[in-house]
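User: I am new to this model and would like to know what lies behind the terms used for it. Please set each value against its definition.

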Amino acid sequence: MPVANAKHAGRQRSGEFFFRTATLSAAILVLGLLGGVALALLIGAWPAFSHFKLGFLTHELWNPVTDEFGALAAIYGTLMTALIAMLLAVPVGFGVAVFLTELCPRGLRRPVGVAIELLAAIPSIIFGIWGLFVLAPILQKYLQPWLIAHIGPLPGIGHLFQGPPFGIGVLSAGLVLAIMVLPFIAAVMRDVFETVPDVLKESGYGLGATTWEVIWQVVVPYSRVGMVGGIMLGLGRALGETMAVTFVIGNAHRVSASLLAPGTTISASIANEFTEAVGTLYTSSLIALGVLLFFITLTVIAAARLMLLRLERRALSAL
Amino acid sequence: MQRSNKGRALAALAAAGAVLLGCSQNSSTEIAGAGATFPYPVYSKWAGTYKQQSGVGLNYQSIGSGAGIKQIKAKTVTFGASDMPLKPADLKEAGLVQFPMIIGGVVPVINVKGVTAGALTLDGPTLAAIYLGDVKKWNDERVQKLNPKLTLPDTAIAPVYRSDGSGTNFLFTDYLSKESPAFKDKIGANASVQWPTGIGAKGNEGVANMTTQTDGAVGYVEYAYAKQNNMPYALMVNRAGSAVAPSAESFQAAASSADWSHADSYYLILTDQDGAGSWPITGASFILVYADPPDPKATAEALKFFAWAYKNGAPMAAELSYVPLPATLTAQVESTWTAQIKSNGAPVWKGE
């Protein structure tokens with residue numbers, strides 16, 4: 001018997017060792033891939049960075065014929081479209097999640113929830129085609145003329161809504177992105193709201209709190225970390241989204257004061273131009289755009305992590 | 001590195017295509033060219049017929065004149081095609097020979113509700129003002145003055161431009177620079193320029209689609225694209241002051257005044273020509289090959305195809321509303337080939 005036990009234990013140990021090695025190598029593989037991608041991008045982008053130096057970040061000019069490239073318009077477009085998308089999608093996503101978890105009649109909960117998840121399953125190219133053929137003409141005919149007429153003349157923010165209504169442009173791209181990231185934000189927020197123990201909420205109601213007070217003072221503080229996670233997931237998608245944006249942004253390497261004007265994003269420029277980029281500098285400038293996107297996304301994720309850490313620490317010290 | 005990979009991928013694709021089509025014995029003699037999208041419709045039509053007759057195929061990538069010039073300089077293709085002629089000095093420096101292949105016209109296309117093809121008239125200064133962003137609405141008095149009988153809507157003008165390096169861009173901006181000093185100052189003529197306003201689209205096809213898609217848009221495409229897609233085009237007031245419609249005849253009228261025999265390296269731009277019937281945005285499309293080709297056999301095949309097209313291609317070109325070159329000019333070009341394109345001192349092309 002002891003012999004058999006020892007054998008069994010040995011098998012267990014070797015199994016453990018095998019399992020440990022397998023998971024470790026999987027983890028290392030991911031790190032290696034990340035490092036490899038970063039290295040390949042940097043090598044590919046080196047000619048552009050060494051040729052244009054810091055000017056690559058501050059110039060708007062993008063001319064394939066004279067081989068002059070600057071990333072400013074693409075960086076601006078990427079950040080601006082993502083910002084518009086988040087401004088619209090976060091409040092709506094929050095509302096959807098609150099409604100689904102706190103206010104929705106039980107019978108409606110599943111159908112609405114499934115519908116939102118289905119929205120997340122639509123391929124981005126479909127959003128692009130829909131954006132160009134359906135949304136853009138509607139925006140051009142109704143929303144944009146209204147914005148130009150009513151918000152355009154206002155001081156301060158008016159310049160964001162001036163100029164001709166083209167239908168496509170930075171604002172349209174932001175709108176399509178908002179629709180695309182909404183299901184991610186709503187679904188994650190709903191899931192974290194559902195983890196709030198009923199006891200907590202019921203004690204809130206027991207103290208005579210209104211639904212709003214329970215949501216704002218019990219549910220939201222309890223699920224803060226998860227909410228930020230959901231928002232970051234959405235933001236990550238908004239920053240990197242390619243196809244849908246390429247369709248509706250207007251493909252113009254320009255930084256315009258107006259949100260209605262056509263622009264471009266990093267990923268849209270790469271998708272549009274890589275196939276016909278000839279010459280080292282052109283190709284390399286596009287890869288350099290890729291490096292910038294990599295950097296922007298990394299910064300966003302790092303910032304999110306940092307924010308979460310702070311929130312957790314504050315929550316702990318509050319206890 | 002990128003380039004050679006692309007070239008290899010292209011070669012592999014071409015080979016695969018040849019095998020699939022069951023003419024593998026000719027895969028080595030497939031002519032490889034790249035460049036202008038402007039003449040692409042007629043080149044592909046010629047290539048189809050030529051392949052039936054000779055078995056030699058043409059692999060032409062319509063990637064834009066700017067890219068075509070770069071491809072031939074990188075020697076990934078046998079010939080490059082450009083609507084923007086290279087200056088004689090640039091040709092000499094790169095060791096290239098240039099000759100015209102076909103003449104066509106760039107046409108402003110519009111998408112204005114209630115305005116049909118040929119109903120709207122524009123002139124150079126107004127078109128330049130539209131692309132500069134100075135004329136913003138269709139009922140602007142400058143547009144209205146040219147079209148006293150038309151009721152124009154209060155719609156914003158959405159200028160659509162070619163975002164890639166293209167000969168169509170060159171012809172269009174060259175014409176507008178000749179017509180408008182402000183345009184020449186602020187934008188200038190090139191295959192790719194910095195547009196102060198408007199929507200960018202890729203290729204003639206992209207501009208055609210974006211114009212059709214956007215209410216109030218104006219764009220510019222090669223005539224064959226406007227014709228094939230039934231796009232409403234605008235008439236243009238030419239240098240002589242008369243409004244002309246785009247057609248093979250008006251392109252021909254613009255080309256007839258060209259003095260090819262005295263043009264060094266055929267460097268001749270046909271925009272804004274005199275003559276009451278001349279279409280103002282007319283241009284020739286050029287072919288670029290090496291004077292001392294790295295692969296003389298391939299270049300000989302390409303020249304054979306061009307000679308065939310000069311001789312037999314005219315009816316097909318006319319069908320697509322291009323203007324074929326006159327016989328005197330093609331004879332001149334062929335003598336240029338024998339005189340200038342040589343390998344080890346012997347002409348690459350020996351006539352038919």
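User: Why are α5(A) and α6(A) called oblique to each other?

Analyst: In this predicted model, helix α5 (residues 124-150) of chain A and helix α6 (residues 170-194) of chain A pack at about 130°, their axes 10 Å apart. Axes are lines fitted to C-alpha atoms, for helices over the stretch in contact, and angles run from 0 to 180 degrees between N-to-C directions. Angles under 35 degrees count as roughly parallel, over 145 as roughly antiparallel, 65 to 115 as roughly perpendicular and the rest as oblique. The two helices are therefore oblique. Helices here are DSSP runs (H or I, at least four residues), and strands are too (E, at least two), numbered from the N terminus.

User: What makes the contact of α5(A) with α6(A), and how do its residues divide by class?

Analyst: Residues are in contact if their C-beta atoms, placed from the backbone, lie within 7 Å. From α5(A) the contact includes Phe127(A), Leu135(A) and Leu139(A), and from α6(A) it includes Leu175(A), Val176(A) and Ile179(A). The contact has 8 nonpolar, 3 polar and no charged residues. Ala, Val, Leu, Ile, Met, Phe, Trp, Tyr, Cys and Pro count as nonpolar, Asp, Glu, Lys and Arg as charged, and the others, Gly among them, as polar.

User: What is the orientation of α5(B) to α7(B), and why?

Analyst: The axes of α5(B) and helix α7 (residues 167-179) of chain B come within 8 Å and cross at roughly 115°. That makes α5(B) roughly perpendicular to α7(B). Among the residues in this contact are Leu127(B) and Tyr131(B) of α5(B), with Tyr175(B) and Glu179(B) of α7(B). By class the contact has 6 nonpolar, 1 polar and 1 charged.

User: Where is confidence lowest in chain B, and where is it highest?

Analyst: The term is pLDDT, the predictor's confidence in each residue, from 0 to 100. Chain B has a mean of 87, and 92% of its residues reach 70 or more. The lowest mean, 45, belongs to α1(B), and the highest, 96, to helix α5 (residues 124-132) of chain B. Residues 9-27 of chain B are below 50, and this stretch has 13 contacts beyond near neighbours in sequence. Where pLDDT is low, the predicted coordinates should not be read in detail.

User: How are residues and chains labelled, and which residues count?

Analyst: Residues are numbered from 1 along each chain as its sequence is written, while chains are lettered from A and ligands numbered from 1 in the order in which they are written. Local features need pLDDT of at least 70 and side-chain atom pairs count only at pLDDT 80 or more, whereas totals for chains, interfaces and linings use all residues.

Methods:
Two residues are in contact if their C-beta atoms, placed from the backbone, lie within 7 Å.
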